[in-house]
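Dear colleague,

Please find below the structure that I am handing over to you.

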Amino acid sequence: MDYFKNFINGEWKDSSSGKYTENRNPANTEDLIGYFPSSTKEDVNEAVKAAREAFKKWRLVPAPKRGDVLKVVGDIMLQRKDDIAFEMTREMGKVFAETKGDTQEGIDTAYYAASEGRRLFGYNAPSELPNKMNLSFRIPIGVGGIITPWNFPMAIPTWKIFPALVCGNTVVFKPAELTPKTANTLVKIIDEAMHEVLGKDYIPGVVNLIHGSGRVVGECFLENKEIDLISFTGSTVVGKRINEVGGRELKRVSLELGGKNAQIVMDDANLELALDAVLWGAFGTTGQRCTATSRLILHEKIHDKFLKMLVERVNKLKLGYGNDKGVDVGPCVSEAQRETVNDYVKIGLNEDKATLVAGGDYAKEGNLAKGWFYKPTIFKDVTPDMRIAKEEIFGPVLAVLKCNSLDNAVEILNGTEYGLSSSIFTNNVNDAFRAVRDIQAGITYINGATIGAEAHMPFGGVKATGNGHREGGWTVYDFYSEWKAVYIDYSGKLQRAQIDNY
Ligand code: UN1
């Protein structure tokens, strides 16, 4: 059986704890994937020290050359895309087409970052004094602590690590405990590319990987004064703590937290299209996306008809191991996650007004009993005050609410503490533009599902979904760099700003 290692200062190393955590296939718990290190504070501190040392050299590598490393990373990922996806499905359960998409998002992010190595534009501005020039440059910050979730085990780490690297920072990466193997694959690829591009000038310690729990490894990131920035995707509770402690230490913190995304379907919408979208948005990735559709807001005029169409289609979704052909929905990622889903279903069942119209139970027929499967579940007659309408469930559970106008729909949509993704189906151009203006969310789709963000666009949310930063696209480069203003005086005399000119 495979025992996996951490990666510190350019070498694969056991944890000083000598302890391991096992990792199993959530679709078939008899399938043991491997043992991964339960790392300690000493391991983290060693990795941070290596990253700090590496920063001295990596920051001096020209940005286009740093970009070349990411170009090669993208090329290798592309060559191995199917193998990466197969193992990712085995590790976290979503279907092969989706893990291929997850890998492709990493490839897109690599090529974008590679080209950004030749941009990383600064600004210049005229000086207020003669014979003087004002410029500004992006400069790297230092060591980044990267903490990532299990639902996009390839794409999300790349969203953070690639821009961090191209900006000249070094990294200590703590992946989710449920997806350590994908993290090993990614770090191996980055290291291969580093060797290929830098050759004899290879710098150990630019990327370090530490497996282990949030409680130990994550906490050490907060304590360690040599970590300058933390990028975290996960729960709002943990995010608030990182912001609090990190803020006190003046660390730069980027948070991507919970969501309670909704799709609105107006009475003039293309219902077939809206149906495909909600099936994909709510039950793709078994509902385990930050951007998953967990509320469906139906106009009263089409409510009954649409719900009937939806329930018919949901009951046809095929559950199973995501690497098998014809499977639509994989398992929940773990037993604990499935229990959370089941607890929320019980909460829904206890609501007097809400009615279960699909699913509502574990799926245990045949081989499904070997994994953490849950039937795609729908509640109707949900009202905005109910917990199943307000709290993030992170599983295959959809709450259906009724609206009677665009304003009413938007009010319901906005009525949660979160604001990540959102969608509206309508053929009324005025309603579409009003929705774009009034929906409180970082992402709004018109006639599209709540999932499907592209790697070169800003990704993130408003309200309790984050702290104002975005991942993806051009905006993430602001998080991983800071500004240096440079004044060049070629007048040959002392010129005093604000004094000699006015
Ligand atoms: C997430 O939901 O955790 O937009 C990330 C999407 C993907 C990324 C989702 N491209 O659904």
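Which residues surround the ligand? The ligand is surrounded by E105, N151, F152, I156, W159, R289, C290, T291, I451, G452, A453 and F459, where a residue counts as near a molecule if one of its heavy atoms lies within 4 Å of it.

Before the details, a note on the basis of these values. This is a predicted model, in which local features need pLDDT of at least 70 and side-chain atom pairs count only at pLDDT 80 or more, while totals for chains, interfaces and linings use all residues. Residues are numbered from 1 along each chain as its sequence is written, and side-chain values use heavy atoms, with hydrogens and water left out.

The ligand and its surroundings

The shell around the ligand consists of seven nonpolar, three polar and two charged residues. In this division, Ala, Val, Leu, Ile, Met, Phe, Trp, Tyr, Cys and Pro count as nonpolar, Asp, Glu, Lys and Arg as charged, and the others, Gly among them, as polar.

A polar backbone atom of A453 is 2.6 Å from a ligand oxygen, and a backbone N or O atom of G452 lies 2.9 Å from one. The side chain of N151 places an N or O atom 3.1 Å from an oxygen atom of the ligand. Of the 320 Å² of accessible area that the ligand has on its own, the protein covers 98%; accessible areas come from the Shrake-Rupley method with a 1.4 Å probe, and for residues only the protein chains shown count as cover.

Most residues other than glycine have a negative phi. F394 has a positive phi of about 60 degrees although it is not a glycine, and Q498 likewise has a positive phi, of about 70 degrees. F394 is found in the loop between α12 (387-390) and β16 (397-403); helices (H or I, at least four residues) and strands (E, at least two) are DSSP runs, numbered from the N terminus. Q498 belongs to the segment after β21 (481-489).

Buried means under 20% relative accessible area, exposed over 50%, and partly exposed in between (1.4 Å probe, protein chains only).

Further positions

R90 is part of helix α3 (residues 81-92) and is buried, its relative accessible area being 15%. A polar contact of 3.0 Å joins the side chains of R90 and E87; such a contact is a pair of N or O atoms within 3.5 Å, and within protein one must be able to donate a hydrogen and the other to accept it, while residues adjacent in sequence count only if both atoms are side-chain atoms.

K188 sits in helix α6 (residues 180-198) and is partly exposed, at 43% relative accessibility. The C-alpha atoms of K188 and K57 are separated by 21 Å, and the two residues are 131 residues apart along the chain.

A358 belongs to strand β14 (residues 355-358) and is buried, at 4% relative accessibility.

P153, in the loop between β7 (143-147) and α5 (155-166), is buried at 3% relative accessibility.

With kind regards
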